[in-house]
Amino acid sequence: MEQKKIRWWKSAVVYQIYPRSFKDSNGDGIGDLQGVIEKLDYLKELGVDALWLSPVFTSPQDDNGYDISNYRDIDPMFGTLKDMDELIAEAKKRGIRIILDLVLNHSSDEHPWFQEAKKSRENPYHDYYVWRDGIPGTPPNDMKAAFGGSAWEWVPEVEQYYFHQFSVKQPDLNWENPKVRREIYDMILWWMDRGVGGFRLDVIDQIAKEPDLKITGNGPRLHEFIRELSRETFQKGDLLTVGEAWGADPEKAKLYSNPDGSEFSMVFQFEHMMLEQEPGKEKWDRIPLPFVRLKRILAKWQEELYGCGWNSLFWDNHDLPRIVSRWGDEGKYREVSAKMLAIALHGMQGTPFVYQGEELGMTNVHFPDITWYRDIESLNMYKERMAAGYSEHAVMDSIYSTGRDNARTPMQWDDSKNAGFTQGDPWMAVNPNYLQINAAAQVHHPDSVFACYQRLISLRKSYPVFVEGRFRLLLEQDQQIFAYVRECEKEKLLVCANFTSRPAPFSLPEEWQEAEILIQNYPEKNTESCLRPYEALIYRKTSE
C-alpha cells in the first residue's frame with residue numbers, strides 16, 4: 001500500500017530567534033545574522049528543522065522591526081543581504097530551513113511607497129494606503145490605535161487622514177488595491193527564489209480591514225485575500241507558513257490551516273495564553289491560572305482541528321514571559337518543571353515552536369528598577385500607572401510577571417562576561433542567573449533541560465503517533481494533572497504531567513503497566529502511587 005506523504009513541517013520543530021538578543025558577532029552589543037551562523041551547529045545538535053527569525057528587514061525600528069521600510073534588504077543592525085544568503089546556505093547544509101517574519105498589514109512610514117503616497121492624491125502610490133477625507137482635528141471616526149491615540153493621522157499635503165492600526169509610523173497597506181497585492185507577491189517570490197523555507201505572517205487577520213465600519217480583524221474579504229496570496233506564492237514551493245491570528249477560533253483555524261494548502265500550514269492562536277488576564281482588564285492585571293480551563297482549551301484545539309487543520313504548539317515567544325517562571329517554578333524545581341512543560345506540550349499534535357533559551361529553562365528577569373528595561377510597552381505602562389497613583393512595587397511586580405523584556409534578555413551561552421552573548425556592552429542587560437543557567441553547562445549533560453528538548457525533538461521524528469495520533473483528554477477535572485492519550489492505528493502514547501509543586505495522587509492504569517517509558521523528567525523511577533512535584537512522563541505501547 002502506498003504510504004501517504006506527510007508534509008515536512010508536520011514532524012518538524014521550529015526554533016524562534018529574536019536576532020537582537022541571540023548572538024552578537026561584532027561587539028556592538030546587538031545580535032546579528034553572523035551570530036546566528038556561529039550557532040548553527042548548536043541548533044543542529046538540538047535537532048530543530050527550521051529557524052524563525054523575528055524581523056531582520058530594513059527598518060527605523062519604531063516597533064522592533066515590525067515597521068519595514070525595505071522588504072528586500074536586511075537592516076544594517078543585523079548585517080547584509082550577503083549575510084542572509086550565507087545563513088540560508090549554511091543552515092541548509094545542516095538540514096535547517098530559514099523562516100522569515102513578514103509584516104504585510106502595514107509598512108513603515110519611511111517606506112518609499114508611503115513617502116510617495118503622501119505627496120499628492122494623484123501619485124500612483126497614494127492608493128497603496130488607506131486614506132479618508134476629513135478636516136484637521138476631526139478624524140473620520142473614533143477608532144483607536146493599538147499603541148494608543150487615534151488610528152487616524154492627518155497629512156496636510158493631501159488634506160487627508162491615513163489609517164494606522166498600530167504606531168503612527170506604521171500606515172496600513174490597502175489590500176483592496178490589486179497593485180499592492182502584486183507588489184507583495186513579487187517580493188515573496190523573490191525571497192522564495194533566494195531559498196527561504198517559509199514565512200510567519202504578522203497580524204495577518206487584519207489585512208481585510210474596513211475602517212468605515214470599524215472592522216479590523218476578520219474582515220469580509222480576509223480569506224479571499226489569503227487564498228490569492230497562497231495561490232500566487234506559497235503554493236509554488238514547499239514552505240511552512242504560519243499566520244498570527246489573535247482572533248482565531250477553531251472554525252476560522254480550519255480555514256487557515258486547511259489540509260488542501262489553500263491558505264497557510266497553521267496559525268498561532270492565543271486562547272491558552274490569555275487565561276491569567278483578569279476579564280475586562282489589561283494584560284498587566286493577573287489572576288491565578290485556571291488550570292482545568294487550560295486543559296479544556298488545549299483539548300478543544302486538539303480535537304477540533306484533528307484531520308481538518310493543524311495546530312501550532314507553543315508556550316513562549318518574544319512577546320510572552322518565560323513559561324518556567326509563569327507556569328513552572330524558577331526556584332527549587334526549575335529544571336524539573338521546565339522539562340515537565342516541554343513534555344506536556346511536545347506530546348500533543350501540531351508543530352512545536354521552541355523560543356530561544358526555552359531549551360535551557362531560562363527564566364524571567366527581575367531588574368532593580370525601570371531604567372534597566374527597554375520594551376516600549378512596559379515603559380508606557382510604567383508612566384501611565386505611576387501617574388494614576390499605583391505603587392511602584394505593584395507596577396514593577398506586573399512588569400516582572402508579564403513584561404515582554406522577560407523574553408528579550410540576551411541568550412545565555414556560557415558563564416563568561418555577558419553570558420558569552422557579546423564582547424561589547426549588550427543592548428539590554430543579561431539576566432544575572434546566567435552563571436547557573438547557560439548552554440555550555442547543559443549541552444553535554446545527559447539530564448539537562450537541553451537534553452530533554454533534544455530527546456523530545458528526536459521522538460517526534462521516530463514515532464508516527466506524535467504526528468498522526470488522535471488526542472483524548474483524561475482526568476478532565478483534576479486540579480493538578482494534565483493527562484492525555486494519543487493514538488493511531490498501531491501505536492498509543494500516554495502523557496502525564498503534574499503542573500504543581502505538590503505530589504499528585506495518580507495510579508497508572510492497568511493497561512499501561514507494561515508500557516515503555518519514552519521520556520521522564522526525574523532520573524530515578526517513580527515507585528509511588530502519585531506524580532512527584534512537576535513530574536512528567538510519556539509512555540508508549542503498540543498493538544499488532
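**Entry 1: Arg532 and Glu535.** I looked up Arg532 and found a relative accessibility of 15%, so Arg532 counts as buried. I note that the model is a predicted one. Glu535 is buried as well, at a relative accessible area of 1%. These residues form a salt bridge, and 2.9 Å separates the closest N and O atoms of Arg532 and Glu535. I then recorded a network in which salt bridges with shared partners join Lys283, Asp319, Asp375, Glu377, Arg404 and Arg408.

**Entry 2: Arg540 and Glu491.** I found a salt bridge between Arg540 and Glu491, with closest N and O atoms 2.7 Å apart. This pair links distant parts of the chain, 49 residues apart: Arg540 belongs to strand β20 (residues 536–542) and Glu491 to strand β16 (residues 491–498). Both Arg540 and Glu491 are buried.

**Entry 3: Glu487 and Lys492.** Here the closest N and O atoms of the salt bridge are 3.8 Å apart. Glu487 has a relative accessible area of 23% and is therefore partly exposed. Lys492, at 22% relative accessibility, is also partly exposed. I recorded 48 salt bridges in the structure.

**Entry 4: Gln160.** I located Gln160 in strand β8 (residues 160–163). Its relative accessibility is 8%, so Gln160 counts as buried. I asked which side chains make polar contacts with the side chain of Gln160. Beyond its neighbours within four places in sequence, Gln160 is in contact with residues including Arg121, Trp131, Arg132, Glu153, Trp154 and Val155.

Technical notes:
Residues numbered from 1 in each chain as written. Predicted model: local features only at pLDDT ≥ 70, side-chain atom pairs only at ≥ 80, totals over all residues. Heavy atoms only, no water. Helix = DSSP H or I, 4+ residues; strand = E, 2+ residues; numbered from the N terminus. Buried < 20%, exposed > 50% of the residue type's maximum accessible area, 1.4 Å probe, protein only. Polar contact = N/O pair within 3.5 Å; in protein donor to acceptor, adjacent residues only side chain to side chain. Contact = heavy atoms within 4.5 Å. Salt bridge = Lys/Arg side-chain N within 4 Å of Asp/Glu carboxyl O.
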